[in-house]
Structure formats: structure tokens, C-alpha cells
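Subject: Structure for you to look at

Dear colleague,

Please open it first, and then read my notes beside it.

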Amino acid sequence: MSLSLGLVGLKWLQVTYDMVNVRLMMGDDWLRMSIIMAGVVCFTLMSISLFQSRKLKAFYGFTRANP
């Protein structure tokens, strides 16, 4: 799951880069959009830390839970 979230975070970076380029070519405001997208990327990458907890690893079957 952590690897998937990391790859999705990188994909969001690529999408953000493409969207900024389009906005620059059109002459539109790009700063607000890039701040919002940076929040999306940070949220996605920070969610990786949730899957490092022992409880979630046990819930998803990555490790054995102690009885």
C-alpha cells in the first residue's frame, strides 16, 4: 500500500506540472492551483505514514497480530 501511495504521489506531481504548464501557456493564474495541488500531494504522501502503524498492518494482513 505504501508503495502504491508513493507512486500515486509522484503521479500527482506530474499532473500538477502539466497543469501549471497549460495555465502558463493560457496566461491564467497558476499559483492558487499549484498550492491546492501541493496540498493533495502532501496529503497523499503523508497517508503513507498511516500504513506504517502496527495496527493497520495487522488489519490488512501484512503482519501477524499478537493475541
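What follows is a short account of what was found, beginning with the whole chain and ending with two single residues.

Please keep in mind from the start that this is a predicted model. The chain has three helices and zero strands, so that, read from the N terminus on, its elements run α-α-α. The radius of gyration of the chain is 17 Å, which is well over the 11 Å that the globule rule gives for 67 residues, and the chain is therefore more spread out than a compact globule.

Buried residues make up 19% of the 67 residues in the chain.

How do helix α1 and helix α2 pack? Helix α1, which covers residues 2-26, and helix α2, which covers residues 31-46, pack at an angle of about 175 degrees, with their axes 9 Å apart. Because an angle over 145 degrees counts as roughly antiparallel, α1 and α2 are described as roughly antiparallel to each other. In this contact, L5, G6, V8, G9, W12, L13, V15, T16, M19, V20 and R23 of α1 meet M33, S34, M37, V40, V41, T44 and L45 of α2. The residues of the contact of α1 with α2 divide into twelve nonpolar, five polar and one charged. On the scale of the chain, residues 24 or more positions apart account for 58% of the contacts with a separation of 6 or more.

V15 is located in helix α1, and with 25% relative accessibility it counts as partly exposed. Between V15 and G27, which are twelve residues apart in sequence, the distance from C-alpha to C-alpha is 18 Å.

Y60, in turn, lies in the segment after α3, the helix of residues 54-59. Is Y60 buried, partly exposed or exposed? Its relative accessibility is 42%, and Y60 therefore counts as partly exposed. The C-alpha atoms of Y60 and V40 are separated by 24 Å, while the two residues are 20 residues apart along the chain.

Definitions and conventions. Residues are numbered from 1 along each chain as its sequence is written. This is a predicted model: local features need pLDDT of at least 70, side-chain atom pairs count only at pLDDT 80 or more; totals for chains, interfaces and linings use all residues. Side-chain values use heavy atoms; hydrogens and water are left out. Axes are lines fitted to C-alpha atoms, for helices over the stretch in contact, and angles run from 0 to 180 degrees between N-to-C directions. Helices (H or I, at least four residues) and strands (E, at least two) are DSSP runs, numbered from the N terminus. Angles under 35 degrees count as roughly parallel, over 145 as roughly antiparallel, 65 to 115 as roughly perpendicular and the rest as oblique. Contact means heavy atoms within 4.5 Å. Ala, Val, Leu, Ile, Met, Phe, Trp, Tyr, Cys and Pro count as nonpolar, Asp, Glu, Lys and Arg as charged, and the others, Gly among them, as polar. Buried means under 20% relative accessible area, exposed over 50%, partly exposed in between (1.4 Å probe, protein chains only). The radius of gyration is taken over C-alpha atoms; the globule rule is 2.2 Å times the number of residues to the power 0.38.
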